[in-house]
Amino acid sequence: MNLQDFLSSLTKRGGGDRERTPLPDDLESAVRQVDGNVDLIGVFAASAEAAGARVRRTSGADWLTAIAGILGDLDATRICTQAAEVGFLSRARSAELSEHLRDSGMTVSTDTGDDELFSADASITGVSAAIAETGTVVCESGPNAARGASLIPPVHVAVVGAAQIIPDLCDYFEQLPGGPELPANVNLITGPSKTADIEGTLVTGVHGPGKLFIVVVATAS
Amino acid sequence: MTVALFVTCVSDTFCPRVGEAVVRVLRHCGCDVRFPARQTCCGQPAYNSGFHSEAAELARRMIAIFEPYEYVVTPSASCAMMVRQHYPQLLADEPGWRKAADRLAAKTYEFTSFLREVPEFDVSANLRFNEAVTFHYPCHAREFYSARDLEALLSRVPGVDLRTPRPVDLCCGFGGIFAVDHAEISGAMMGDKLESLSQTGAGLVICDEGGCALNLAGGAHRRGTSLRFRHIAECLAESLGLMEAEE
Amino acid sequence: MSASTPFQQRVAAAVADKRVVRAVHLATLKKVEAREAGMDQLRDFEQIRSLAAQVKQHTLDYLPRYLEQFVEQIEGRGGAVHFAPDAEAARRIICDIATSRGLKRVVKSKSMTSEEIHLNQALEAVGLRPVETDLGEFIVQIDHDTPSHIVTPIIHKDRRQIALAMQRELGCEYTEDPTELTMIARRHLREIFRNCDLGISGVNFGVAETGTLCICTNEGNGRLTVSRPRVHVALMGIEKVIPRMRDLPVFLKLLARSSTGQPLTVYTTLISGPKRLQDADGPEELHVVLMDAGRSDIWAGEFREVLRCIRCGACLNACPVYRNIGGHAYGSVYPGPIGALLTPLLHPAGGHEELPRASSLCGACGVACPVKIDIPDLLVRLRAQTHRSHPLAKRVAMRMWLWAMKSPLVFRLGQRLLRGLLKDGGDGWATDGPGPLRAWTQPRDLPIPPKRSFRAIWQAELSNEDKRG
Ligand code: SF4
């Protein structure tokens, strides 16, 4: 069946004389909860923690040791990172990170094939944005940015540049491109994977990562 | 001001004392109270059951009966809602009646809303309770006041020991003909409500809706629960010394 | 008035099942509180609700236009769109996609629309074994049960039943610990995800402007379903479309709060076409199945606003009827207040007249609904459409009642007759009412009306009293 035939069950009946509701244009004044005049890092950290993520606030000097510390505490040895440049994790910083982790005795792979992802203890990704209102980190698909990287390993470490934090959920959707630049897969991640299906008891890590660490890096610039 | 009392079929039959209390409190507030004797039922049972032409017949009748009066006051939020909301809808296609329905809707009040808005009588300040008290928020009062409003009104009563039930706005399961057609469900809902009221530990329940009171009191009697149900008009009339306290 | 209809028989059984009633009470009351707390976080949730209602209503009022745009956008991004005028067509389309490509390992994320069309049975009929991967749906599937809530499918089950089903079907050790049970399911499903080739999901919102599918989930199985297999099929009702990307936050801020009290679901996934050429992973094919299946009939009639529903489940949680009879009693995949509307509207000849009648019209659903569907009012309108289907006795009783209410004299006689007919148990109460009042006195007593009605008191004394009492 084609579109026009399909729509004919609507268009034939029209209901044309009915009063039609206009599309509201000003959404923001009602929807916005957080504006730029607040301590964005503080709001972000509080919201993310409330959603069950663990947030580490670091500086340009100690973010590497912070990540190594998180992974070390978990006894994680097999680590996946992304080859892509995403947000704060530029190619240079990714290389720096890998080197640092290897120096700490971990195995680091930038390959995000199934074998790596399904056997990794943790993954580390950059994010394309972070939302203060909800404590959300955003991962977009792309070349070398696998959908599975923030999803399959049991621990996800998201690295956020402090400048990437935007105030409100509506800010994210406002800036999202509509054309071909719109990634095929975007994930807004708010806390670790959760279920409360069994008698309402909260359990984390049902399918996605059971632990989400967010490392916020406030660089001097 | 002249106020016509719409006592409602339930109060007329089962709890005339509520009507009496409303009359006495309204008179206390300086109202000239009338009782149009031809009144019966607002038609809500028919309306809610989907018998809308039947409901419209009763609506036209009610409109004609109450047309001459300045205000119409009823102890039932549910019947007030029927008149104010559904009469104009029911008669939407009959321009003459629709206008008359709008007029009636505009001058019809639920009892406490009337006291607050017209004679501006302070209900809280004039109430007294000599025991712990809880309340049933009638679902159809939503049109007029929220459960939180009712809670606030009662909490301002001097010296009150108010016990708020949880959840504050739980339905009692009455629902008119629903209580008979689906007695099983209705009874289960009533059980939940009685339990939440009992859990407050208060013995006196303010219940401003005749149907809800009939349902809950009937359930309490069946279960041997010692809850007593009073309309706020009765409590006011007693507090003001306009009526003897009941047993 | 006796428990004669199938619905009433199911109700009788449901009310008597104390275990389920208790489980549903606990879960729904908890969710009501969570929802209220979630809404209180918002500056002005009433305003957001109004916007959500308006955006959705607008979309419906211009539905053909938005569907056209939506389809064009998806196709522009390399996705395929299929049109299913009814459930049968939807089932056939999906089965064809699977069989024509030789796809065998089918995973599903939770989708009420797929439940609505009984997709699993259709897939099984062509030799496939779709695996439900949402934890609740997975348990429903292995226990050969059906969901009883649109968000929390196993709200009716306790951990003992779940433990038994897992032990029996998965051969694992018996445990009642929710974390352990969850981890057993995780391990089991992980292997399936690793090797699947077809993923079937529902859709929460379809953005017309960009052809984007928005899917809101908490567990991660939804993400796995739409990113692991080679082919992703998304089944969506035509009412799921919204105009613009920037409309999404209006709904996202309400959806999870209304469902569980969370500000957002853990994962909000936006899918705009299949995997791009250079993408590291993702499905090579994206198929969107747009389904009507009775929706255009609802759309064309007076119940259009029902299609605003975003399936948050808040009306179920708020409903004191649902709380006492659970989801299965409704005899439909959509239970609760929204189900009492949707089920008879989607299946007008299905004999569901009793569903809209089984409500006290307390209005808790309408207050909770994030898109402001006036559920109680619509229930009454639906009752009005079917009032002729009441048994003759009931219709005659209604006429007699009307006749009595039109005459003050008959009304007074009726009051007296009632007094005469009620048997006083000795303390002013009747415990066994006559005729239609028998049902009234099933769960409760009826007071014997006082000798003097209000009108009698008025006439005798009140009318003559001095104004000052
Ligand atoms: S009718 Fe409203 S409250 Fe009920 S599921 Fe739909 S959106 Fe939620």
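Buried area is the accessible area, taken with a 1.4 Å probe, that two parts lose on being put together, summed over both. The size of an interface is often given as this accessible area lost when the parts come together. The model is predicted: local features need pLDDT of at least 70, side-chain atom pairs count only at pLDDT 80 or more, and totals for chains, interfaces and linings use all residues. Residues are numbered from 1 along each chain as its sequence is written, chains are lettered from A and ligands numbered from 1 in the order in which they are written, and side-chain values use heavy atoms, with hydrogens and water left out.

**Exercise 1. Describe the two domains of chain B and the interface between them.**

Step 1. Take the bounds, which come from an automatic or database domain assignment. In chain B they give domain 1 as 2-117 and domain 2 as 124-239.

Step 2. Locate the centres. Over C-alpha atoms, those of domain 1 of chain B and domain 2 of chain B lie 22 Å apart.

Step 3. Count the residues in contact, where contact means heavy atoms within 4.5 Å. Domain 1 of chain B contributes 24 residues and domain 2 of chain B contributes 19 residues.

Step 4. About 1,800 Å² is buried between domain 1 of chain B and domain 2 of chain B, and carbon and sulfur atoms give 67% of it. On the side of domain 1 of chain B, Arg17(B), Ala77(B) and Met81(B) supply 22% of the area buried against domain 2 of chain B, more than any other three residues.

**Exercise 2. Which chains touch, and what area do they bury?**

Step 1. Sort the pairs. Two pairs of chains touch, and the most contacts are between chains A and C. Chain A and chain B do not touch, their nearest C-alpha atoms being 17 Å apart.

Step 2. Treat chains A and C. Here 81 residues of chain A are in contact with 97 residues of chain C. The buried area is about 7,400 Å², with 57% on carbon and sulfur atoms. Phe83(C), Arg223(C) and Arg246(C) supply 9% of what chain C buries against chain A, more than any other three residues.

Step 3. Treat chains B and C. The contact involves 67 residues of chain B and 68 residues of chain C. About 5,900 Å² is buried between these chains, 62% of which comes from carbon and sulfur atoms. In chain C, Arg444(C), Phe454(C) and Trp458(C) lose the most area to chain B, together 12% of what that side buries.

**Exercise 3. How far apart are the domain centres in chain A and in chain C?**

Step 1. Chain A is divided into domain 1 (1-31) and domain 2 (34-218). Their C-alpha centres are separated by 39 Å.

Step 2. Chain C has domain 1 at 63-296 and domain 2 at 392-468. The corresponding separation of centres in chain C is 56 Å.

**Exercise 4. Trace the pairing of strand E2 of chain A.**

Step 1. Helices (H or I, at least four residues) and strands (E, at least two) are DSSP runs numbered from the N terminus; two strands pair if DSSP finds at least two bridges between them.

Step 2. Strand E2(A), residues 78-81, runs parallel to strand E3(A), residues 107-109, and three bridges join them. Within this pair, Arg78(A) has Thr107(A) as its bridge partner.

Step 3. E2(A) also pairs with strand E4(A), residues 122-126, in the parallel sense over three bridges. Ile124(A) in E4(A) stands opposite Thr81(A).

Step 4. Assign the handedness. A crossover is right-handed if, with the strands pointing away from the viewer, the path from the first strand over the helix to the second runs clockwise. E2(A), helix H5(A) (residues 91-103) and E3(A) make a right-handed β-α-β unit.

**Exercise 5. Characterise the backbone at Pro167(B) and Asn144(A).**

Step 1. The peptide bond from Arg166(B) to Pro167(B) is cis, with omega near -15°. Pro167(B) belongs to the loop between helices H9 (147-155) and H10 (178-181) of chain B.

Step 2. Asn144(A) is not a glycine, yet has a positive phi of about 65°. The loop that holds Asn144(A) lies between strands E6 (136-140) and E7 (155-161) of chain A.
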